[in-house]
Amino acid sequence: MMTQYLGLKDKADGCMLFYRMGDFFELFFEDAKQASQILDIALTSRGEHGGAPIPMCGVPVHAAESYLARLIKAGCRVAIAEQVETPEQAKKRGGYKALVMRDIVRFVTAGTLTEEALLEPRRANVLAAACLLRDKVGVAAVDISTGRMELEECAPDDMGAALARLGASETIAPDNWGEAPFDSIPRGAHEFSSEGGAERLCGIHGVATLDGFGTFTRPMLAAACGLLAYLDHVGRGKLPLLLPPVARHGEAHMAMDEATRGSLEILRSSTGGRSGSLIEAVDRCVTGAGARQLAEDLSAPLLNRAAIEERLELVQWLYDDALLREDLRAQLRSLPDAGRALGRVVAGRGSPRDLGQLRDGLAGAARLAGRLARVEGRPAMLDALLPALVGHDRVIDLFSRALVATPPTERSQGGFIAEGYDADLDELRSTSKDARDAISKLEAKYRDQTGIAALKIKYNGVLGYFIEVPARFGDQLMAPDSGFTHRQTMAGAMRFNALALHEEASRIAEAGGHALAAEEAHFEELTAAAIAARNEIARTAAALARIDVAAGQAERAAEGNWCRPSISEKCELAIVEGRHPVVENALGAQGERFVANDCTLSQFDRLWLLGGPNMGGKSTFLRQNALIVLLAQAGGFVPARAATIGLVDRMFSRVGASDNLARGRSTFMVEMVETAAILQQATPRSFVILDEVGRGTSTYDGLALAWAVAEAVHGVNRCRCLFATHYHELARLADTCEALTLHHVRAREWKGDLVLLHEVTTGPAESSFGLAVARLAGVPGPVVSRAKSVLAKLEKGRAETGGIAAGLGDLPLFANVVEEAPKGDPLREKLAALDIDALSPRDALGWLYELKRQIG
């Protein structure tokens with residue numbers, strides 16, 4: 001057995017091996033040690049290997065999903081080894097002592113989950129692949145629980161932003177790629193082939209060419225090939241649900257890098273969970289599919305004004321009709337997650353319950369379409385979605401006739417095919433029921449015949465049906481002429497068989513076996529019908545999700561008094577009484593009011609320099625405006641009284657930073673890397689929020705960097721920017737930067753206490769109130785007093801010398817001090833290349849004339 005285990009472990013490709021033994025999955029050696037700690041189960045031992053006991057632990061097969069979920073969450077990858085032959089087949093193959101053959105039937109990894117118990121209902125589970133081909137990075141992504149597949153191409157510098165948008169649970173990349181994504185799983189480089197990708201996709205979707213699905217570049221197809229090869233590997237030759245690929249073009253969506261997404265806490269808060277994130281504050285969807293679609297919208301805001309307006313129009317329509325919205329949401333709430341049920345069915349892991357969910361989901365979609373079709377004044381997006389909700393009459397009718405009202409989650413025991421669908425099956429069930437009635441009558445007959453009132457007919461998986469009597473009556477039934485045959489003696493009871501009981505039990509077993517076989521055949525037929533209609537069913541699920549998102553956005557807008565933003569092509573931003581949705585929620589839960597603020601950026605006032613004390617609300621103000629832009633371009637209402645949003649092509653947020661020890665970067669290094677990305681990539685249509693650039697190093701270095709960054713953003717990038725700082729010296733930039741204005745968050749000291757007003761107003765900050773904030777934080781009084789003395793001394797020195805920024809106003813503007821690359825000197829190049837020793841006197845004279853001519 002151990003030889004077989006070790007052979008399978010070698011095939012497990014570094015995964016933890018679940019080795020099936022009877023009703024348990026067993027783990028050995030290091031797998032057992034690791035699993036016992038993660039799962040908190042007992043670690044035992046079995047036999048010896050190399051002279052030492054073999055560590056071992058196990059989990060029951062029936063509860064394996066819950067254990068797998070914990071292992072996957074802990075970052076493990078698991079290979080499942082099952083029996084691939086019966087004991088009878090093993091004996092026939094190798095004799096009485098032959099070991100039942102086992103093989104790895106599936107790999108369970110974070111990006112390849114389909115089981116309902118292992119997935120988060122409101123979060124997509126994405127598997128991604130990336131590869132470099134001809135100076136372009138191809139990215140392929142799929143959520144195999146729903147089958148949605150996207151392919152895209154980007155520049156190497158933009159790969160991080162593309163992968164951050166996807167938020168993949170697992171990413172694979174070629175093993176020979178030095179710049180592969182961090183923490184990616186290496187796969188053979190030969191698996192990433194553009195020709196192979198096209199061939200695999202054509203084969204999966206039964207087409208001769210991919211032209212009908214869109215235009216796909218070679219990097220896209222190479223990444224798709226690697227993705228499909230990995231899915232083939234983990235599924236052991238069985239692919240999951242894969243819908244036709246969709247080509248995603250980067251210019252259609254706002255770009256955000258990983259640092260920006262983390263800073264804005266779009267899908268996850270800084271603590272790593274959903275609580276405290278933007279999506280938690282916004283999500284009012286009533287279905288898991290809708291919540292997943294909303295997450296995708298927030299991860300990839302649109303850049304096309306017409307597409308944004310289409311979404312906003314649908315939200316507005318539902319916002320204006322509260323009764324329709326309530327009715328619509330009630331109907332959506334009752335619908336199952338048909339998209340994920342379809343994914344399990346196509347992947348071969350479906351259950352009768354999944355087929356029932358498809359039936360109920362499609363029927364509910366048809367009813368919803370009928371309800372919406374009767375309403376006048378429908379927006380264009382809804383009219384485009386309605387056809388996708390209907391057209392499943394044949395599937396609905398088939399499943400409604402074939403399945404019981406509430407199908408079970410397991411099909412091994414049968415009972416999911418409805419009565420009246422199959423006359424032969426009904427007859428088998430009737431035979432089985434008649435036999436069970438006959439057994440009940442036999443029990444009564446045997447009691448009368450023997451006079452033993454305690455006689456019972458029972459059933460178990462080993463003996464089948466048997467007669468059981470208390471031990472004191474055993475001798476009576478042991479008599480040769482009793483008609484009973486002894487089978488087993490128990491403590492306090494004896495068990496017997498009888499000819500009539502054996503006959504009825506045989507009838508039950510035979511009828512039950514045939515009934516189960518008939519139901520299994522019907523299950524395969526229904527599964528085939530679902531697979532044949534998979535593309536249409538997936539479109540219906542997607543349409544329902546989009547409607548749910550719009551209704552949820554309308555509900556959130558009505559709940560929070562949010563407004564419909566006006567979308568503009570100009571480089572402007574005008575937000576009236578904007579609020580931070582997450583902070584407002586948190587304050588509302590405590591009974592406190594959020595202080596709303598305006599923000600107006602335009603071509604002539606595009607850079608705000610924002611000062612004021614810590615805890616005054618600077619970071620909140622920066623983030624809330626970024627989130628309002630994001631929400632608007634995602635097609636939703638925004639937390640403000642009014643908002644005009646000039647389309648933003650790229651958003652950057654450098655607000656807060658922490659050490660990245662895994663990559664050997666300090667806080668300051670992380671800050672500089674993020675700042676460098678902004679200066680290199682921001683365009684005039686971008687929106688940037690910067691907080692405390694230059695902290696983490698010396699005062700002089702920090703001020704110099706902040707000064708230069710502000711000048712570059714203003715004069716080179718020329719983007720809309722909110723720049724928060726404690727360097728009051730930067731206020732001098734307002735004298736030389738015509739599109740820079742000064743603002744601050746208001747605060748006052750009152751009787752020794754700091755009062756934070758959280759209001760943004762014009763003008764430079766009077767003070768950072770650092771000592772007052774320190775006192776609020778509980779810094780001991782003597783330390784604060786000493787700091788006051790030191791501050792007084794420093795301020796006196798600054799007054800005498802002009803401060804650390806003295807003379808900075810005399811520097812030329814940033815654009816005038818950029819170092820230019822030295823230009824080439826043709827004359828020097830010619831002289832350097834001249835071989836004087838090889839020249840004749842006549843040639844040398846000719847060269848002198850030529851050089852004089854060039855100088856002249």
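Is Tyr319 buried, partly exposed or exposed?

**Before you start**

This is a predicted model: local features need pLDDT of at least 70, side-chain atom pairs count only at pLDDT 80 or more, and totals for chains, interfaces and linings use all residues. Residues are numbered from 1 along each chain as its sequence is written, and side-chain values use heavy atoms, with hydrogens and water left out.

Helices (H or I, at least four residues) and strands (E, at least two) are DSSP runs, numbered from the N terminus.

**Stop 1**

Select Glu65, Arg106, Glu115, Arg349 and Glu410. Of the 36 residues that line the second largest pocket, these are the closest to its centre. The pocket holds about 1200 Å³ of space. On a 1 Å grid over the protein atoms alone, a pocket is an open set of points where a 1.4 Å probe fits, with protein on both sides within 12 Å along at least five of seven lines; lining residues have an atom within 4 Å of a point. The volume is the space filled by probe spheres set on the points, which are joined across faces, edges and corners.

Now colour the elements that give two or more residues to this lining: α3 (64-73), β5 (78-83), β6 (102-108), α7 (218-234) and α14 (352-373). The lining divides into 15 nonpolar, 8 polar and 13 charged residues. Here Ala, Val, Leu, Ile, Met, Phe, Trp, Tyr, Cys and Pro count as nonpolar, Asp, Glu, Lys and Arg as charged, and the others, Gly among them, as polar.

**Stop 2: rings at Tyr19**

Show Tyr5, Tyr19, Phe28 and Phe29. Ring pairs link these four into a cluster. Rings of Phe, Tyr and Trp (its six-membered ring) pair if their centres lie within 6.5 Å; planes under 30 degrees apart are stacked, over 60 edge-to-face, and the rest tilted. The structure holds 10 such pairs.

Zoom in on Tyr19 and Phe28. This pair is edge-to-face, at 6.3 Å centre to centre and 70° between the planes. Tyr19 is buried, at 0% relative accessibility. Phe28 is buried too, also at 0%. (Buried means under 20% relative accessible area, exposed over 50%, partly exposed in between, with a 1.4 Å probe and protein chains only.)

**Stop 3: Tyr319 and Phe637**

Select both rings. They form a tilted pair, 5.4 Å centre to centre with 45° between the planes. Tyr319 lies in helix α11 (residues 305-320) and Phe637 in the loop between α22 (618-633) and β22 (642-646), so the pair ties together parts 318 residues apart in sequence. Tyr319 is partly exposed, at 26% relative accessibility. Phe637 is buried, at 2%.

**Stop 4: a sheet**

Display the strands β13-β23-β24-β25-β21-β26-β27. In that order they make an open sheet of 7 strands with mixed pairing. β13 (255-256) and β27 (753-762) stand at the edges with a single partner strand each, so one side of each lacks a neighbour in the sheet.

Two strands pair if DSSP finds at least two bridges between them. Find Trp608: opposite it stands Thr741 in β26.

**Stop 5: two loop residues**

Most residues other than glycine have a negative phi. Pick Asp183, where phi is positive, near 70°. Asp183 sits in the loop between β10 (170-174) and β11 (185-187). Asp183 is exposed, at 65% relative accessibility.

Finish at Asn561, with a positive phi near 55°. Its loop runs between α20 (534-560) and β18 (566-568). Asn561 is exposed, at 57%.
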